[in-house]
Amino acid sequence: MWSRPDVEVNPAFEGRGVGGAIARFGLDDVRDNGVNKVMALCPFIKAWIQKHPDYEPLVYGA
């Protein structure tokens, strides 16, 4: 299954953890599914995963 949702956070909410909450929700969903891996193309998601290494096993090719 291929999914590439485009998500943006309103600038008024930047720095309040909204992007991180979205990243965590999506990656937890992948983890709970137990089948898929992610290919982090978004620079924000790549950086977020690097800051949260417990999600690195979900990265395709890691």
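Helices here are DSSP runs of H or I, at least four residues long, numbered from the N terminus. Keep that in mind for the loop I start with. Ala 40 sits in the loop between H1 and helix H2, and H2 covers 43-51. One caution before I go on: this is a predicted model.

Let me stay with Ala 40. Is Ala 40 buried or exposed? Buried means under 20% relative accessible area. Ala 40 has 16% relative accessibility, so Ala 40 counts as buried. What does Ala 40 touch, once neighbours within four places in sequence are set aside? The partners are Ile 45, Lys 46 and Ile 49. Now look from Ala 40 to Ala 21. In sequence they are 19 residues apart. In space, C-alpha to C-alpha, they are 16 Å apart.

Now the whole protein. The count is 2 helices and 0 strands. There are 62 residues, and a compact globule of that length would have a radius of gyration near 11 Å. The protein has 12 Å, which agrees. Along the principal axes, the C-alpha trace spans about 35 × 25 × 20 Å.

Next, contacts across the chain.

The accessible surface comes to about 5,100 Å². Carbon and sulfur atoms hold 56% of that surface. As for burial, 18% of the 62 residues count as buried.

Charges, briefly. There are 7 positive and 8 negative charges. How far apart are their mean positions? The answer is 4 Å.

Now aromatics. A search of the whole structure turns up 1 aromatic pair. The partners are Trp 48 and Tyr 55, with ring centres 5.2 Å apart. Why is the pair called tilted? Planes under 30 degrees apart count as stacked, and over 60 as edge-to-face. The planes of Trp 48 and Tyr 55 stand at 55°, so the pair is tilted. Both Trp 48 and Tyr 55 are buried.

Next, helix H1. Ile 22 lies in this helix. Its relative accessibility is 36%, so Ile 22 counts as partly exposed. Not counting residues up to four places away in sequence, Ile 22 touches Val 7 and Val 9. Then there is Ile 49, which is 27 residues from Ile 22 along the chain. The C-alpha atoms of Ile 22 and Ile 49 are separated by 12 Å. Recall that Ile 49 is also one of the contacts of Ala 40.

Where is Gly 15? Gly 15 lies in the segment before helix H1, which runs 18-33. Exposed means over 50% relative accessible area. Gly 15 reaches 85% relative accessibility, so Gly 15 counts as exposed. Compare Gly 15 with Ala 47, 32 residues apart along the chain. Their C-alpha atoms are separated by 14 Å.

That is the tour.

Conventions:
Residues numbered from 1 in each chain as written. Predicted model: local features only at pLDDT ≥ 70, side-chain atom pairs only at ≥ 80, totals over all residues. Heavy atoms only, no water. Rg over C-alpha atoms; globule rule 2.2 N^0.38 Å. Buried < 20%, exposed > 50% of the residue type's maximum accessible area, 1.4 Å probe, protein only. Areas by Shrake-Rupley, 256 points an atom, 1.4 Å probe, with all protein chains shown as cover. Lys, Arg positive; Asp, Glu negative; His and termini not counted. Charge placed at Lys NZ, Arg CZ, Asp CG, Glu CD. Phe/Tyr/Trp six-rings, centres within 6.5 Å; stacked < 30°, edge-to-face > 60°. Contact = heavy atoms within 4.5 Å.
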